[in-house]
Amino acid sequence: MTADTPPRLTSLGRALAALAVLAVAIGIASVTIVLSSDHTSSRGFAAALILIAGWGFVGTGLYAWYRRPGNRTGVLLTAVGFTWFFQALESSDNAAIFAIGAIGINLPFAILIHLLVAFPSGRLEGRLQRTVVAGAYFVTVVLQWLWIPFVNPERQGCEGCPENPIRIDGQEGVADAVNAVQTAIAIPVVAATIAIIYLRWRRSSPSERRVLTPVIATGALAFALLFVLLVLDPAGASDGAQRAVFIAAVAAFACLPFALLAGLLRSRIGRDEELRSALTAENEQLTSELRAKVEELRASRARIVEAGYAERRRVERDLHDGAQQRLVALAMSLKLARSRLEADPQTSAELLDEAIAELGETTRELRELARGIHPAVLSDRGLEAALGALADRSPVPVEVVGTPPERLPAAVESAAYFVVAEALTNVARYAEAEAASVGLGREDGALAVEVADDGVGGADPTAGTGLRGLADRVAALGGELRVESPPGGGTKVRARIPLDG
Amino acid sequence: MRVVLADDSTLLREGVARLLEAAGLEVVGQAGDAEDLLRKVRAHKPDVAVVDVRMPPTHTDEGLRAARQIRDELPDVSVLVLSQYVEVAYARDLLAESAEGLGYLLKDRVTDVDAFAEAVRRVGEGGTALDPEVVSQLLGRRRREDPLDELTGREREVLGLMAEGRSNAAIAAQLVVTERAVEKHVTGIFAKLGLTAGGETHRRVLAVLRYLDQTP
């Protein structure tokens, strides 16, 4: 994915832009040379062909290079484009420039063979591929250099061509011999290239074929024409026929970069489709996970709301049945005491004592109720003091270890407190334990709470509402609560509460 | 004995003032928040300041903080902190250095007028008053291999009253025994728990509390 995202203003981008400017300049110079040539027939056609193919290769090459910097295809395409302009040099009336053109004229075909054999990965694989490409470069570079000093353009059928400035006179036989060797090597190289491309196409999957077909069809046509051209000469065909095939071959080569561009675009489209189907699959999975999560959240939210109502009902009952009843009884005691104040001071004094005792009991009850709703010591002093107080009140000896010294977010402290409170209540009620321990610790941005006892175990976390409510409370903070309670093996309640909410 | 009162509830403050005056104490100033309290304490230099824990602006533990400040600034002024709830943690904080001239009681205790006035007097004279609720939390704490199990029932009662800050005479009066009997119990308790402490009541309180608080 990242390789497909064009990087902005990178050094590569700037270098490629410079190459593009260079290609434009070379293209204009080439056209000038061709149009001013006095030994080139149909100059306009030749110039257009050179320009279309040269710029086509450079343009598609730079684009491919930019989009897939790791793939050599772009570099090779660009190289084909630049070397393509050697053809224009051969139209020059200047002998030196003409000679340079003659040296380089066949190079783009070797690079093209390299490109097509390595397409689309950009890498050569196996000995056959490497041998074919090495052969192509040998013919177009080494043998070309060897051939140049012995060639006489006029003898090659070029009327009006400049003189060969480095010609060793009277050695046309050597030139012919080198030319024969070139042809002898070029024929199997081109044939092998066509075979390799054909086999690749045969073996490729339908989606790969979408990428390969335009490239391979055009490439195969171009090389088939080149092949015909190569065998025409030894077969003694007429110059006119050779020329016609040559123009057709060049035209086919000129189409090649656009076929490659089409292949590249199709390959992008193919990639998009693969990406889209992968994304769709991932999306579906995420959606179903999300749906499950939403369902879970809806259920836990409902339970939290229900737990809230249940808690309010409990507070309401405690207030009505406890404090309010006591206050009503108190009012009656006081009224009774007042009515008997004069007649029966003894009884009224007893009633007043009762009322005072009742009052003390009422305040104690209210204090406990308030603590159950929210322990003030927790907000005032934090977890350590609050858990210490819980441990002090537990009828089972409790050891508290690892309380964080610093204050944590209020919601985290509160959740941890109520986890410990509920767990210790359960220890006292059901566990028949000798001792219990409360352990706290920080791990990866979360508070870990563990309450363990050495009691009878066998607690079912789904049975009671207490632990379920706690699990929801912890889950609401993005944490989780687990209960381990093998029969006879004690009970461990563990909670993990993220500190960042 | 001169008293400054601080409570943000006017009703309660007036009530407590009336109770204390009926018990023969002189209420020289009343404050509705911690700042006002500090101002009045500095101005009147009372024997004792009776302070509610929760006061404006945060209604958490302003009273405790004011108490600490008074003790730092004016060591001669005793402080009695009243609270709707009592916790060992607060007692531990308050008694960190000394138990002299310090009290920490549940607010409910004001209804037992005589005991409350007695506690105010005791604290005002440099003694200690620790709420029975705190003491019972400390005594009730379950320990493995509890050394307190070795104490007799009467010794436990005496230990509790000692922790509240009562003198031997007060303990004797409460339990309806002679002061000598109390002294004997105290010696026995100290021996069993391996404690050593001087005669002064407030030092004894600290020794007992430290012992109870630190034994796991």
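Where is the place of A:Glu432 in chain A? The legends below take you there and to several other spots in this predicted model.

**View 1. A:Glu432 sits in a loop of chain A.** The loop in question runs between H14 and strand S2 (436-443) of chain A. Look at the backbone here: phi of A:Glu432 is near 50°, a positive value in a residue other than glycine. Most residues other than glycine have a negative phi. A:Glu432 counts as partly exposed because it has 13 C-beta neighbours inside 10 Å.

**View 2. B:Lys45 is another non-glycine residue with a positive phi.** Its phi is near 40°. You will find B:Lys45 in the loop between helix H2 (34-44) and S3 of chain B. B:Lys45 has 13 other C-beta atoms within 10 Å, so B:Lys45 is partly exposed.

**View 3. A cis peptide bond links two prolines of chain B, B:Pro56 and B:Pro57.** Omega for this bond is about 5°. Most peptide bonds are trans. B:Pro57 belongs to the loop between strand S3 (48-52) and helix H3 (62-73) of chain B.

View 4. H3(B) is built from 12 residues and reaches 16 Å from its first C-alpha to its last, close to the 16 Å expected at 1.5 Å a residue. Its buried residues are B:Glu62, B:Gly63, B:Leu64, B:Ala66, B:Ala67, B:Ile70 and B:Arg71.

**View 5. The largest nonpolar core holds 104 residues.** Those with the most contacts inside it are A:Val419, A:Val420, B:Ala49 and B:Leu80. Helix H14 (residues 410-431) of chain A gives the largest share of this core, 12 residues. A second, separate core of 67 residues includes A:Ala102, A:Val189, A:Ile194 and A:Phe253. Now turn to B:Ala49: leaving aside residues up to four places away in sequence, B:Ala49 touches B:Val4, B:Ala6, B:Leu37, B:Val41, B:Ile70, B:Val77 and B:Val79.

**View 6. Helices H8 and H9 of chain B cross at roughly 110°.** H8 covers residues 168-175 and H9 covers residues 179-193, and their axes come within 8 Å. Angles of 65 to 115 degrees count as roughly perpendicular, and H8(B) and H9(B) are therefore roughly perpendicular to each other. On the H8(B) side, B:Asn168, B:Ala169, B:Ile171 and B:Ala172 take part, meeting B:Glu179, B:Val182, B:Glu183 and B:Val186 in H9(B). Sorted by class, this contact has five nonpolar, one polar and two charged residues.

**View 7. Helix H8 of chain A runs through residues 172-203.** At 1.5 Å a residue, its 32 residues should span 46 Å, which agrees with the 46 Å between its end C-alpha atoms. The buried residues of H8(A) are A:Ala175, A:Gln182, A:Ala186, A:Val189, A:Val190, A:Thr193, A:Ile194 and A:Ile197. For context, chain A comes to 15 helices and five strands, and 34% of its 501 residues count as buried.

**View 8. Chain A and chain B meet in a contact that draws on both chains.** Chain A supplies 22 residues and chain B supplies 15 residues. What classes of residue does chain B bring to its side? That side has four nonpolar, four polar and seven charged residues.

Methods. Residues are numbered from 1 along each chain as its sequence is written. Chains are lettered from A and ligands numbered from 1 in the order in which they are written. This is a predicted model: local features need pLDDT of at least 70, side-chain atom pairs count only at pLDDT 80 or more; totals for chains, interfaces and linings use all residues. Two residues are in contact if their C-beta atoms, placed from the backbone, lie within 7 Å. Ala, Val, Leu, Ile, Met, Phe, Trp, Tyr, Cys and Pro count as nonpolar, Asp, Glu, Lys and Arg as charged, and the others, Gly among them, as polar. Helices (H or I, at least four residues) and strands (E, at least two) are DSSP runs, numbered from the N terminus. The expected span of a helix is 1.5 Å times one less than its number of residues. A residue is buried if 20 or more other C-beta atoms lie within 10 Å of its own, exposed if 12 or fewer, and partly exposed in between; C-beta atoms are placed from the backbone. A nonpolar core is a set of buried Ala, Val, Leu, Ile, Met, Phe, Trp, Tyr and Cys residues joined through C-beta atoms within 7 Å. Axes are lines fitted to C-alpha atoms, for helices over the stretch in contact, and angles run from 0 to 180 degrees between N-to-C directions. Angles under 35 degrees count as roughly parallel, over 145 as roughly antiparallel, 65 to 115 as roughly perpendicular and the rest as oblique.
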